[in-house]
Each structure stands twice: as C-alpha cells, then as structure tokens.
Amino acid sequence: MTPPARAAEPAAPAAATGRRLPTGWLPYLLIAPAVLSLGLVLGWALLRNVLISFQEFGRRQLISRTTEWAGFDNYVEVLNNPRFWDTLVRTFVFMAVNVVLIMVLGTLIGLLLNRLGGKMRLTLSIALVMAWAMPIIPSTVLFSWIFHTQYGLMNWFMGVLGFTGFDQHNWFGTGTSTLAIATLLIVWMSIPFVALNLYAGLTTIGGEIYEAARMDGASAWRIFRSIILPIMKPFFLITTFLEIIWVFKAFAQVYALNGGGPSRASETLPVMAYIEGMGQQQFGAAAAISVLTLLILLGAMSYYFHLILKQEKEQQP
Amino acid sequence: MSQDTTAPGADGGSGSPEVTGPDGPSRSTAAGPTGAGAGGVVGRLAEVNIAGPHGAPPPSDPVRQTVAGIPRTPGGGPSPEPFRRRFQRIWPNAVALITAAIFIFPVYWMIASSLKQRGDILTRDPVFVFVPTLDNYSTAMGADLFWTYVRNSFVVTVCAVLLALLVALAAGFAIARMEFKGRRGMILVIMMAQMAPWEVLIIVMYLNARDLEMLNSLLALTIIYFVMALPFTLWTLRGFIAAVPKELEEAALIDGCSRTRAFFSVIFPLLAPGLMATSIFGFIMAWNEFAMVLVLNKAPEAKTLPVWLSSFQTAFGNDWGATMAASTLVTIPVLVLFLILQRRVTGGMAAGAVKG
C-alpha cells in the first residue's frame with residue numbers, strides 16, 4: 001500500500017531505528033484487540049479488586065446485587081485480624097525458605113552441569129527437564145501419594161533410613177509439615193529453570209578465564225565468587241526476584257496439597273484470600289487481602305523491572 | 001577481553017608446576033615438551049582442539065581436559081593416577097547421577113504406580129518388581145465425565161492459544177514495524193502484564209463472571225486464558241518480527257506485493273519458530289491452569305482436567321493406581337510439547353533462515 005518512496009522521506013530518527021512509517025490509523029487498528037482485551041479482562045479485574053476492597057460485600061450483597069461503600073472498614077478488619085498477620089509471616093517465611101533453596105541448589109546444579117562430560121550432562125538435563133515439565137496438579141497429587149499416611153513411599157523410606165516413628169506418619173497433620181511438603185514440591189519443580197538457565201549463561205563465559213584463575217591458584221569458591229558471580233550478577237538478581245514473585249503468589253501447589261489445612265494452618269496469602277472469599281463469602285475482606293498481596297508483589301515487581309531496564313540499557317551501546 | 005585472559009595464562013605456563021588446581025599437574029606435563037612460556041599456550045590450544053569435537057565448550061570442562069592431557073605425558077608409561085585426581089574426576093559424575101535420580105524419581109514413581117496391580121500398590125513396603133497392567137488406565141479413562149474433561153481442556157486451551165496468536169501477531173507487527181504514539185507505553189504495559197498475578201485475582205474474576213452470567217462456561221475460561229497468554233505471546237512474536245530484515249519485506253513490496261501479501265508470504269514463514277514456541281507456552285499454561293477453573297466452574301461438566309484430578313479422592317477414593325494413571329495421562333501432552341520446545345526453540349531456526 002505504502003509507496004516505497006515514503007521510506008526515503010527525510011525522517012532521520014525513523015531511518016536510524018530502521019522502521020517504516022505508515023502513520024495514521026493502521027497501527028491503532030492492529031493493537032486495538034490486544035489493548036481492549038488486556039484492559040477489559042486484566043485492567044478491569046485489577047480496578048474492581050480495589051473497588052470491592054472498599055465495599056461491604058458479603059452473601060447478602062452478592063444476592064441483592066447492591067453496592068455498599070464501606071471506606072477502610074475491610075482493611076481495618078483485616079489488619080486487626082491476628083490470622084492475617086500469622087498468614088503474612090508464614091507466607092514470607094515460606095517464600096524465603098523456598099527461594100533460598102531454589103537459588104542455592106539451582107546454582108550448584110547449574111555449576112555441576114558446566115563441569116560434566118557430554119553424556120552425563122545430557123542425562124542430568126533430561127532428568128531436570130522431566131521435573132520441569134511436570135504439570136502442577138499431577139505433581140501435587142503425586143506428592144500426596146508419595147507422602148501418603150498408610151501406603152506412602154516416604155514413610156517406608158524413613159524406616160529404611162533408620163528413623164523410628166514414621167510408621168503411618170501423617171505428613172499432612174500439621175501446617176508446618178504440609179508447607180514443608182509444598183516446599184519440597186516447589187523446589188523440585190523450580191530448580192530446573194534456575195539450573196538450566198544458569199548453565200546456558202555459563203557457556204557464554206570463555207573457558208580461558210577459569211584457566212587463568214586456576215593457574216593463579218584460585219580455589220573453586222574463589223572462582224565462583226570473583227568470576228562467575230560478577231559476570232552472572234544480572235542473572236542471579238533477576239532470577240531471584242522472579243522466584244520471589246512466583247513463590248509468593250503460588251496458589252495451586254499449596255491449595256491442592258491440603259486445602260490450606262489442617263484447620264487453616266498451611267494458608268498463605270493467596271490461599272487465605274480464596275478461603276475468605278469463596279469459603280466464607282467475605283468478598284470485601286478477600287479483596288482487601290488480595291490488594292495487600294498485590295501491593296507486596298508490586299514492591300518486588302518494581303525492583304524486578306528496575307533490574308530488567310538496567311540490564312537492557314547496559315546491553316545497548 | 002581476550003588479551004586480558006590469555007596474558008596470565010602465558011605467564012602461568014612457566015610457573016605452573018606449583019599450581020594446585022584440579023588440572024594443574026596435567027597442564028605442566030603437557031607444556032613440558034614444547035618448552036616453557038609461550039609454548040605453554042600452544043600446548044593448551046592443542047588440548048582444546050583435541051577436546052573440541054566432543055561438542056560443548058572444552059576449556060570450561062576440567063574433566064575432559066584432564067583426560068585429553070593424559071596421553072601427552074612425556075617420558076612414556078601412564079603413571080598411576082593418584083587417588084585425589086581420580087576422586088576429582090569421579091565425584092561430579094557421581095553427584096550428577098544422584099541428582100538426576102532424585103529429579104526423575106517422582107516421575108518414575110508416578111508411571112510405575114500407574115502400571116501396578118491393586119495388590120502391588122496398597123502395600124506398606126513398596127513393590128519395585130511387578131507385573132505391569134493397563135487396568136488403571138482403563139479405570140481412569142472410564143471415570144465419570146473423563147472424556148468431557150479431556151474435551152473441555154482441549155477446547156479451552158486450543159481456542160485460547162489460537163486467539164492469542166491472532167491478536168498478538170497483529171499487535172506485534174504494529175509494535176515491531178510501525179511508529180505510533182503510545183508505542184512505548186504499550187511495551188511497558190505488555191511487560192507488566194506478563195507478570196500479572198492472576199492467582200490473586202480469582203475472587204474478583206468470580207464476581208465478574210457471575211455478573212456477566214458466565215459462570216460454568218468454557219467461553220469465560222477461554223477468554224481469561226487468552227488474556228493470560230497474550231502478553232508473552234505478543235512480546236515474543238514482536239521480537240521475531242523485528243528480527244526479520246526489513247529489506248526482505250521491501251523487496252516483496254517492490255516486486256508488487258501488497259503489504260498484507262508481503263506479511264503473509266515473507267514475514268509469516270520466518271515466524272514459524274516463534275509461533276511454535278509461543279503456542280506451546282500458551283498451551284502448557286492453559287492446560288495446567290487450576291485456580292480459575294476451581295473458582296469459576298463449579299459444575300461438574302464444566303471442569304477441566306487439573307481440577308478434576310485435584311479432587312481425585314471423590315473420583316477414585318483410595319484407588320491410587322487409577323489416580324496415578326490419570327496423572328500420567330494429564331502429564332503426557334505437556335511432556336511431549338516440552339521436549340519439542342526444548343529442541344526447536346534453542347535451535348534458532350530463524351537465525352538460519354535470515355542468514356542463509
């Protein structure tokens with residue numbers, strides 16, 4: 001449609017970035033479906049979540065379809081609820097333990113991949129990809145089978161290792177134990193991402209640099225700290241924040257494992273919002289909890305974007 | 001950069017006998033016959049070439065270097081390997097083997113359990129050797145509404161992915177190739193939307209769907225999954241479109257193609273890897289999605305496979321063989337796609353097409 005002559009127009013900045021210049025309605029028409037669907041589904045949900053958090057919204061309002069504004073009542077109620085603070089602390093501890101385990105073990109396995117010979121590396125990669133590919137729900141079902149009270153493999157294995165008292169042990173009997181299994185599950189599922197990406201990054205570091213360091217008598221730890229860590233710093237930072245965000249909002253793993261139980265002792269913030277909303281029909285309070293969760297996530301995310309933008313700036317000359 | 005890294009190496013050639021690093025000793029002997037100093041570098045390069053054909057970047061691989069270095073020992077006769085060296089060569093492999101076993105074991109256990117007879121499953125001491133049976137699979141497939149769930153999952157997933165591809169192609173083209181007001185803002189919105197915490201929005205999604213009378217509908221799920229997959233799809237396709245040289249498209253335009261024709265006959269074929277990667281990603285995301293279905297579709301016939309599987313106790317009671325068979329069935333499509341994705345996307349077909 002556009003005559004080729006237009007490209008020769010004296011539009012210096014556009015020519016520099018190497019783009020064609022059909023201004024007018026066409027680009028807007030092309031992005032309209034994407035903008036509209038994002039706005040109507042995601043944008044509206046985010047906005048309405050905030051609106052509902054300022055409303056009295058229970059079973060009665062759900063049925064009568066009326067709107068009753070309540071100011072900060074929901075927030076006051078949630079923030080005065082000791083359960084919320086317990087859950088907040090639990091969520092942070094759960095997230096921290098998961099992220100530390102994922103990053104440390106993932107890094108070790110990534111470094112190991114870098115040291116292995118071809119065959120062994122392929123074997124380990126395949127095993128990692130298998131764990132990575134496992135869908136969430138089949139994995140939670142699988143873990144509840146491995147940790148089954150009566151016939152679970154783990155109780156037998158604990159016996160083999162010589163621990164007593166694990167006969168018919170109920171792993172889902174306490175909140176801590178349930179969350180420990182959720183941790184095991186999430187760490188198992190998340191390590192492959194870190195390890196394989198770290199390995200991919202390590203292959204871009206030339207081998208001479210390690211050699212030189214070894215020649216100078218550097219230990220493995222020193223090589224990691226003084227060579228790998230500085231070079232891969234953006235990777236470590238970005239991945240850590242990705243994992244923080246992912247674990248913090250993890251819902252399916254925790255909920256499907258034990259429904260937040262026993263007696264709500266393994267709830268994390270997203271699970272608590274779900275149970276307050278769908279279980280107790282306290283939609284206003286649930287919205288307030290999810291707004292607070294979103295604010296926490298926003299903090300982590302803004303730092304994540306800061307990292308991404310910084311890295312992009314550094315990559316461009 | 002390369003200057004900096006080779007310089008200490010050349011110095012190290014003469015001083016290497018003192019080096020206590022894992023492959024220090026072999027290096028010093030390798031450098032021996034060719035002399036000290038600069039000769040050390042030559043010796044090292046030769047080693048690199050020996051190790052090269054095996055693939056992977058050789059210098060970062062101390063194990064293989066040591067192996068490659070051994071035959072070059074001067075003075076003939078392979079001296080008995082000290083224990084420390086043998087240990088250092090073996091331990092990474094041993095640790096890797098154990099790690100691989102840990103990662104693959106749960107998957108193995110799922111498949112093994114799905115193939116066991118009832119008597120081999122419900123035992124206190126696990127049975128490792130057993131006569132396999134497919135009974136569990138027929139139980140799983142014969143479960144109430146199983147095929148409805150399969151259909152629901154496929155319909156929702158495929159429709160969402162196709163919709164996302166279509167919308168993302170249009171918008172991705174505009175962002176990659178056109179200059180318009182609000183372009184930067186759009187890029188920012190897409191990046192943010194990629195991180196959208198959907199799990200935290202399930203309550204409000206329930207209320208929205210209820211107001212629109214779209215509870216228990218596959219359409220609502222399709223729309224949500226489409227929007228979930230859209231940002232990543234858009235972002236990735238934008239990158240692929242931007243990577244197609246403008247000259248290719250211009251050549252087509254000069255030859256008299258319309259813009260639409262130029263897009264479909266020049267750009268589109270080069271997007272194949274991008275289309276594949278994004279559609280596989282979208283498929284896995286939608287196939288695995290759990291929270292939305294849990295909240296929106298409570299009616300049994302409107303559920304999808306993950307939610308059905310999560311309520312396995314109502315479906316199968318204590319029949320863990322059937323439960324594991326169902327888990328395996330849900331896993332298989334994802335596993336297959338994952339393996340394709342790993343192979344294809346890292347291959348970088350686009351690079352070849354453009355450079356060739």
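Predicted model: local features only at pLDDT ≥ 70, side-chain atom pairs only at ≥ 80, totals over all residues.
Guide: Welcome! Local features here need pLDDT of at least 70, side-chain atom pairs count only at pLDDT 80 or more, and totals for chains, interfaces and linings use all residues. Residues are numbered from 1 along each chain as its sequence is written, while chains are lettered from A in the order in which they are written.

Visitor: Why are α2(A) and α8(B) called oblique to each other?

Guide: The axes of helix α2 (residues 26–53) of chain A and helix α8 (residues 146–177) of chain B cross at roughly 130° and come within 8 Å. Angles under 35 degrees count as roughly parallel, over 145 as roughly antiparallel, 65 to 115 as roughly perpendicular and the rest as oblique. The pair is therefore oblique.

Visitor: What makes residues of α2(A) and α8(B) part of the contact?

Guide: Two residues are in contact if their C-beta atoms, placed from the backbone, lie within 7 Å. Those making this contact include A:Pro27, A:Leu30 and A:Ser37 of α2(A), and B:Val167 and B:Phe173 of α8(B).

Visitor: How many residues of the contact of α2(A) with α8(B) are nonpolar, polar or charged?

Guide: Eleven are nonpolar, one is polar and none is charged. Here Ala, Val, Leu, Ile, Met, Phe, Trp, Tyr, Cys and Pro count as nonpolar, Asp, Glu, Lys and Arg as charged, and the others, Gly among them, as polar.

Visitor: What is the helix content over residues 25–47 of chain A?

Guide: That stretch is 96% helix and 0% strand, with its end C-alpha atoms 28 Å apart. Helices are DSSP runs (H or I, at least four residues), and strands are runs of E, at least two. The unreviewed UniProt entry annotates residues 25–47 of chain A as one "transmembrane region" among several.

Note on methods. Axes fitted to C-alpha atoms, helices over the stretch in contact; angles between N-to-C directions. UniProt positions renumbered as here; feature names shortened; annotations may be inferred.
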